[in-house]
Amino acid sequence: MRHVAGAAVLAATCLSLAACSEGDGTSDPQPSPRTALSFGETVDTAGADGKGTAQITPETVVYVDRAGTDTPEHGLFAVVTFKAGNRAEESVTTTAVQGGFRWKTLDGKTIKAGNSKGARSVAPVGFNDGGGKPAVRADTFQVNTVAFDITRVEKGGTLVYVDGDGVAFRWKVPATDSGPTAKALKSALE
């Protein structure tokens with residue numbers, strides 16, 4: 001009698017699993033959505049093409065209506081400094097210059113870094129080149145910038161970084177100038 005009851009439970013379990021698995025006997029679990037990190041929080045990310053590990057830390061954001069002689073097409077540049085670190089013994093390449101950084105607005109629109117001629121030209125003195133040097137030498141870190149050409153209502157979005165494995169990391173960006181180098185960055189953009 002126990003054997004029959006156990007078989008019935010096993011059959012019911014198999015039926016419920018099959019019903020949940022799109023009918024072909026396999027399941028396709030979806031990853032849980034990542035919550036937004038705090039601005040300034042460091043994450044380990046896969047390097048370009050999945051090779052190596054780069055630590056990415058967005059540190060400062062400033063909003064300016066001019067960067068040197070460049071003016072934004074949409075009204076405002078959002079310039080973000082980020083630290084790219086490498087604790088390994090070999091260089092690692094980030095996805096920063098491959099479109100790895102994006103700005104997600106509060107209404108869900110996604111804007112790629114360097115989305116206008118002016119945003120591509122933003123390169124504040126003292127913050128390496130705009131867009132970020134892709135290779136980070138062994139056991140070092142470097143600070144770089146990325147710029148987005150946004151409207152004033154798009155301030156305070158979400159910074160997204162897609163690594164070499166296609167994993168997206170998100171940070172909630174403050175809607176006002178903030179971070180440890182905000183004053184210096186703003187000055188370097190004048």
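This is a working chat about a predicted protein model and how its parts pack together.

Trainee: What should I know before I start?

Mentor: The model is predicted, and local features need pLDDT of at least 70, side-chain atom pairs count only at pLDDT 80 or more, while totals for chains, interfaces and linings use all residues. Residues are numbered from 1 along each chain as its sequence is written, and side-chain values use heavy atoms, with hydrogens and water left out.

Trainee: How many helices and strands does the protein have?

Mentor: The protein has three helices and eleven strands. Helices (H or I, at least four residues) and strands (E, at least two) are DSSP runs, numbered from the N terminus. From that end, the order is α-β-β-β-β-β-β-β-α-β-β-β-β-α.

Trainee: What share of the residues counts as buried?

Mentor: Of the 190 residues, 38% count as buried. Buried means under 20% relative accessible area, exposed means over 50%, and partly exposed is in between, with a 1.4 Å probe and protein chains only.

Trainee: Ok, the core. How many residues are in the largest nonpolar one?

Mentor: The largest nonpolar core has 26 residues, and those with the most contacts inside it include Y63, W103, F148 and I150. A nonpolar core is a set of buried Ala, Val, Leu, Ile, Met, Phe, Trp, Tyr and Cys residues joined through side-chain atoms within 4.5 Å.

Trainee: Which elements give two or more residues to this core?

Mentor: They are β3 (53–64), β4 (76–86), β6 (101–104), β9 (140–150), β10 (158–162) and β11 (168–172). Strand β4 gives the most, with five residues.

Trainee: What does I150 touch?

Mentor: Leaving out residues up to four places away in sequence, I150 touches Y63, H74, G75, L76, A78, W103, I111 and K155. There is also a second, separate core of twelve residues, which includes F77, V79, F127 and A147.

Trainee: Moving to rings. How many aromatic pairs are there?

Mentor: The count is four aromatic pairs. Rings of Phe, Tyr and Trp (its six-membered ring) pair if their centres lie within 6.5 Å; planes under 30 degrees apart count as stacked, over 60 as edge-to-face and the rest as tilted. Y63 and W103 are an edge-to-face pair, at 6.3 Å centre to centre with 90° between the planes. This pair links distant parts of the chain, with Y63 in strand β3 and W103 in strand β6, 40 residues apart.

Trainee: Which other pair can I look at, and how is it arranged?

Mentor: F82 and F101 form a tilted pair, 4.7 Å centre to centre with 50° between the planes. F82 lies in strand β4 and F101 in strand β6, so the pair ties together parts 19 residues apart in sequence.

Trainee: Which residues form an aromatic cluster?

Mentor: Y63, W103 and F148 form one aromatic cluster.

Trainee: Which charged end sits over the ring of Y63?

Mentor: That of K155, 5.0 Å from the ring centre. The charged end of K83 sits over the ring of F141, 4.6 Å from its centre. A charge sits over a ring if NZ of Lys or CZ of Arg is within 6 Å of the ring centre and within 35 degrees of the ring normal.

Trainee: New topic: where is T105?

Mentor: T105 is in the loop between β6 and β7 (110–112). T105 is buried, with a relative accessible area of 6%. Beyond four places away in sequence, T105 touches I111 and E154. Its side chain also makes a polar contact with the side chain of D107 at 2.3 Å. A polar contact is a pair of N or O atoms within 3.5 Å; within protein, one must be able to donate a hydrogen and the other to accept it, and residues adjacent in sequence count only if both atoms are side-chain atoms.

Trainee: Last one. What is the phi of D49?

Mentor: D49 has a positive phi of about 60° although it is not a glycine. Most residues other than glycine have a negative phi. D49 is in the loop between β2 and β3, and D49 is exposed, with a relative accessible area of 65%.

How values were computed:
Contact means heavy atoms within 4.5 Å.
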